[in-house]
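Please load the model in a viewer and keep the selection panel at hand.

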Amino acid sequence: RGLGDVYKRQAKIKQSTIAANSNNFALLHNSGSGNIIIDNTILESSTGIILSNSGSFSPSKNLIDKDSDLGDFLSFSGYIHAKVNFKATGLHPFSLGFGSGAIAGGSIQKIPLDFFDEDIDANDTESIPFDFKGFPRLGPCGVSIGAYEYDETTYSFLVTNPSATMK
């Protein structure tokens, strides 16, 4: 049960958000001499162990919000322990909300290559230019961890003269 099994092969999970899992299952199981590489990824689970491994494991720049999401992998480095703070609204319930530990926590070197030339510039050797919503992958604060870059579209204004009108 779970997302996949690695046996004498390599699985790469990059710039992803793995969240809201349940039913006590292993999301990715490495049953042989394979290698699991997880970079710039949010691992957030309601219940259950996300990883099960008997091969090699290489994490880098990942965010977890509770230690139980890693099971026996807690001894590995490559994790930021912080609250995810999803916006949880609209079509993209796993967008990053204000104060998320994932904001600007990723690494530009770990972004996957643009194999499908998403920006149609005839360059498929550059990093993926967009997040899951189509916003620029390299945001103003840097690279966020997960499938979404932080995009704060709510602005605050200080009103100094409430009787004034805008022209």
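The model is a predicted one. Of the 167 residues in the protein, 37% are buried.

Next, switch to a cartoon. How many helices and strands does the protein have? The secondary structure comes to zero helices and 10 strands, and along the sequence the pattern reads β-β-β-β-β-β-β-β-β-β. Contacts may be displayed at this stage as well: among those between residues at least 6 apart in sequence, 46% join residues at least 24 apart.

**The interior**

Select Ile13, Ile18, Ile36, Ile38, Leu43, Phe57, Ile64 and Tyr79. These eight residues make up the largest nonpolar core. Another core, of seven residues, lies apart from it, and Ile42, Leu63, Ala102 and Ile145 are among its members.

Now select Asp39, which is found in strand E5, residues 35-39. Is this residue buried or exposed? Asp39 counts as buried because its relative accessibility is 3%, and the cut-off for buried is under 20%. Which residues surround Asp39, leaving aside its neighbours within four places in sequence? Asp39 is in contact with Ile13, Lys14 and Gln15, with Ser58, Pro59, Ser60, Lys61 and Asn62, and with Lys110. Ile13, one of these contacts, is also a member of the largest nonpolar core.

**The aromatic pairs**

Display the aromatic rings. A search of the whole structure finds two aromatic pairs. Phe86 and Phe94 form an edge-to-face pair, with 5.1 Å centre to centre and 80° between the planes. Phe94 has a relative accessibility of 28% and therefore counts as partly exposed.

For the other pair, select Phe132 and Tyr148. Their ring centres are 5.6 Å apart and their planes stand at 85°, so this pair too is edge-to-face. The pair links distant parts of the chain: Phe132 and Tyr148 are 16 residues apart, each in the segment after E10. Are the two partners buried or exposed? Phe132 is exposed, with a relative accessible area of 60%, whereas Tyr148 counts as buried at 5% relative accessibility.

**The surface**

Phe116 is found in the segment after E10, and at 76% relative accessibility it counts as exposed.

**Backbone angles**

The last stop concerns the backbone. Most residues other than glycine have a negative phi. Select Ile120, where phi is near 50°, a positive value in a residue other than glycine. Ile120 is found in the segment after strand E10 (79-81), and its relative accessibility of 73% means that it counts as exposed. Then move to Ala122, where phi is also positive, near 65°, again in a residue other than glycine. Ala122 lies in the segment after E10. Is Ala122 buried or exposed? Ala122 counts as exposed, since its relative accessibility is 74%.

Definitions and conventions. Residues numbered from 1 in each chain as written. Predicted model: local features only at pLDDT ≥ 70, side-chain atom pairs only at ≥ 80, totals over all residues. Heavy atoms only, no water. Helix = DSSP H or I, 4+ residues; strand = E, 2+ residues; numbered from the N terminus. Buried < 20%, exposed > 50% of the residue type's maximum accessible area, 1.4 Å probe, protein only. Contact = heavy atoms within 4.5 Å. Core = buried A, V, L, I, M, F, W, Y, C linked by side-chain atoms within 4.5 Å. Phe/Tyr/Trp six-rings, centres within 6.5 Å; stacked < 30°, edge-to-face > 60°.
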